[in-house]
Structure formats: C-alpha cells, structure tokens
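Dear colleague,

Please find below the structure that I am handing over to you. My findings follow directly after it, and I would be grateful if you would read them with the structure open.

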Amino acid sequence: MTTDPADDTGAGASAARPAPDVVPLGEATRTWFAISWQTFGGPAGQIAVMQRALVEEKRWIGQQRFLFALSYCTLLPGPEAQQLATYVGWLLNGVRGALIAGILFILPGVVSLLVLSAVYVAYGDTTLVESLFLGLAPAVIAIVLQAVTRVARKGLTHPALLVLAAAAFVALTLFGVRFPAVVAVGALAGWLLGRSIPTLTKAKAAGSDDGPPPLVSDDALHAERPSGRRAATILVTGLALWAAPVVAAALVFGGSSIFVDQGLFFSGAAVVTFGGAYAVLSYVAQQAVQVYGWLAPGEMVRGLALAETTPGPLIMVVQFVAFVGAYRSPGDLDPWVAATLAALLVTWVTFVPCFLFILLGAPYVERLRGNHALASALTGITAVVVGVIANLALYFALHTLFADTTRVTTGPFDFELPVVSTLQWTALGITVLGCALIFWRGTSVLRTLGVCALTGIVVGLAQAAL
C-alpha cells in the first residue's frame, strides 16, 4: 500500500519520524571524543580541528555546509566553536548527535579546570605556584591584546564602526557603564547605521571548496521541518532544564545562598556573550570582583590563565570563578563540597543555553541569515565588542603590572588609576616577552603560555632563594 503524497496524515507522520543517522552514532561519538581533547588555542584552533577532522579527513560534511553552519553560530551568544560542534552533530545524528557532540566538546575542559581550580585553592600560596602565575598572568595580557587586533580586523570594516568601538571603550573605562547596556546600545546603533549605510554589512564570500567532495551529500544531512509545536517543546524543555539547578539550590539552601547568586548571574552572562569569551569576561570580572567579592582582581587573571591551558571554550573560566567564590563562602557546607557544586552549577547554566539556541534555531537558520536588520544589529555588537575586549586588556594590565590601584569617582566619571610606585618590573618584563612572542614571532597561544610560565618559575624561585 502506498501513501498519497498529498495525504496530510502521511506527510505529517513522515515529518515527525526521526531521520536516520547520517553516520553511525558510535563512530560519530568516537570522533567527537577525539576532537574534544584537541580543542586548545581558542575558537580559531578549535574550528580548525573540526575542519580537519570532519571536512578533510572523515569527509562527513562539505566545506560550504561547514562554513554555512559556522556563519549561523557566529550570530549567537556563547562560544561559537562549541555551538558549531553541536550544530554539526545535529546535522549528522539529530538531537542525540547534537547532545553528544556539544557535551563531549566541553567535558575535558570541565574536568581539567575543576582539578586546576582545586590545586589553586589548595596550593596557591606556595612559592612554586606563585612563580607559575608570575609568568602566566602577564602572558594573558598579550593574549587578550591579540584578541583585540583579531576582532578589530574582522569587525571594524567601516569608519563608523571604529567610532562605535572607541565609544564603547570610553564608556566602560571612564564612565563605568555596565556591559549589558553597552551591548544593547551597540545593537541599536548597528541597526540604525545599517539603515543609513547600506554597505555597512557585506555578505561574506562563499569561499572555495578546494577539498575532496564529501561522502555525505548536503541533501542527506539531518533536517527537521520548523513548526510551532517543535519550537514550543524545545523552548519549554530547555528553559526548564536551564532553571532546574538554580531552583533546586534556592529550595535547599535558600534564595540568598551563593549558589543562587552565581546561578542567576552566570545565566544572565550566558545570553550576552556576543563576540566570544573575552568580551563577556570584562563584565564577569567587574561583577565578580567589585560587586559580589567572589575573588580578588588578580585572581581573575589567574583563572583566565588556567582556562587558556585547558581544552574547550575559554568561557570555562567562569567555573574557576564559581569554585573560588563558593570555597570561600560555603555557608553550612564543607568548602570543597560547596566549591564543586558551584562549579558544576555554573557550568550547567552557562552551556545549556548553547544547546537551546542550536536546537531551537537550526530549522530557521536560512531566515536568520537573510535578515538584514539582524545582520546590522550584530555588526554593531561586534564593533562594541572590540572596545569591550580592549577594556578587558586594560583591566588585566592594571591588576597584573601594578600591586595597587586607586578608584576615581567624580561626577559622571568612574575609573581606576594605577599607583605608579607599585609597578612590578618582573611582570612588565614577562608581558613584553609575551607580546614579542605573539606579535613578532607569531608563536601559538599555548607555547607562549609555556615559555612565560617557565620564565616566571625561574625568576620566582630565584627571587625566593635570595
């Protein structure tokens, strides 16, 4: 018996039936696990690893389709490399593939940074560990400066966008404007500029497909017909999962506990991470240090240095912030238990939205990419992100190169100035070394961190011996 193509019942059943896996799920899982341990070097390195494994070696997806998925992920808040893995996993194996790819992508980083956070809390005051951070913290300044230049080259394609980036830097640095407000104004400014400057957003070149043809055609990749029921189901389920641990913490520990504070704060941070981790870290550092007091200014730099040495998205540094904060304010719990719970809770509320954005938006990706107003708004956000990252570099420099700073608050101004007499010459020298390695020698981030860390250990141990 055949089904009439015009039969609505048959069509609906076909649309609702799960699509078969494009590649065996077990083989895909092994591949994603192998990829997850190679994701060092920030989003550029992580995307390159997936490019090599999925496009060039496995040939499961074509170059153009891979770039298409990447273009969509760059529109979203959150770590684009992790979201790209989730999206490609969805193309190959549906929802199961998306969950497996996205979870495995962050799992090594979660475990690694949890261990490093515990080591820092337990042994951070020893001479060896202090010497290690003597080298790592200045290297982070050079790495963030590199991020400024990269984002600027990519995002500031028009003089108006350069002005917008400078305005964002001034607003954050001199007037203490909050990060979410800067992002919102950037989106509005981008939309307005897009209406008056049609060439503000230029379509990306499709690029060439020089590699071998994929073994799986684009037509065979997983797809789902967008529908209101599907969207509502994913939205309700995702929001419930996102909120569940915070609600549970409120019920068990009370609404004023550190777990609730961290869960709510990092849930909000997760949806404003346009432009990558460096952009939102300025906001996280400001709030975690000055508002909540979870850690000291210098410790934010140390946490970022640890996150740079682990696989996975750099935004994983929020786990370090949560761990240290909860260890020092554990309430009635054992400090180690509180720190571990906080780290895992914050990781959960940071990454659940990434899955939600992909699974909810994937069927509508074509519509999103063709929306000129949205593209203009995101162009404005990208521009202000340059100013935000520059502000982060300045923040780290102040608290790494100087032992003390003073805050100036007068009229509309609210900013920090270094106490010049507290300049730390060793940190300055290692910062210069890191900048020379990255900008002059073109050394990789991981190797730069290694050289600077070794330099810090040698200098620190030598100073302790004197």
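Thr31 counts as buried, because its relative accessibility is 8%, under the 20% that marks a buried residue. Please note that this is a predicted model. Thr31 lies in helix α2, which covers residues 25-36. Apart from neighbours within four places in sequence, Thr31 is in contact with Leu54, Lys58 and Trp60.

Finally, I draw your attention to a pair of helices. Helix α6 (residues 127-155) packs with helix α18 (residues 445-465) at an angle of about 140°, and their axes are 7 Å apart. The crossing in which α6 passes α18 is right-handed. On the α6 side, the residues that meet α18 include Leu128, Leu132, Gly135, Ala139 and Ile143; on the α18 side, those that meet α6 include Leu449, Ala453, Gly456, Ile457 and Gly460. Sorted by class, this contact of α6 with α18 has 14 nonpolar residues, seven polar residues and no charged residues.

Yours sincerely

Terms used. Residues are numbered from 1 along each chain as its sequence is written. This is a predicted model: local features need pLDDT of at least 70, side-chain atom pairs count only at pLDDT 80 or more; totals for chains, interfaces and linings use all residues. Side-chain values use heavy atoms; hydrogens and water are left out. Axes are lines fitted to C-alpha atoms, for helices over the stretch in contact, and angles run from 0 to 180 degrees between N-to-C directions. Helices (H or I, at least four residues) and strands (E, at least two) are DSSP runs, numbered from the N terminus. A crossing is left-handed if the near helix is turned anticlockwise from the far one by less than a right angle, and right-handed if clockwise. Contact means heavy atoms within 4.5 Å. Ala, Val, Leu, Ile, Met, Phe, Trp, Tyr, Cys and Pro count as nonpolar, Asp, Glu, Lys and Arg as charged, and the others, Gly among them, as polar. Buried means under 20% relative accessible area, exposed over 50%, partly exposed in between (1.4 Å probe, protein chains only).
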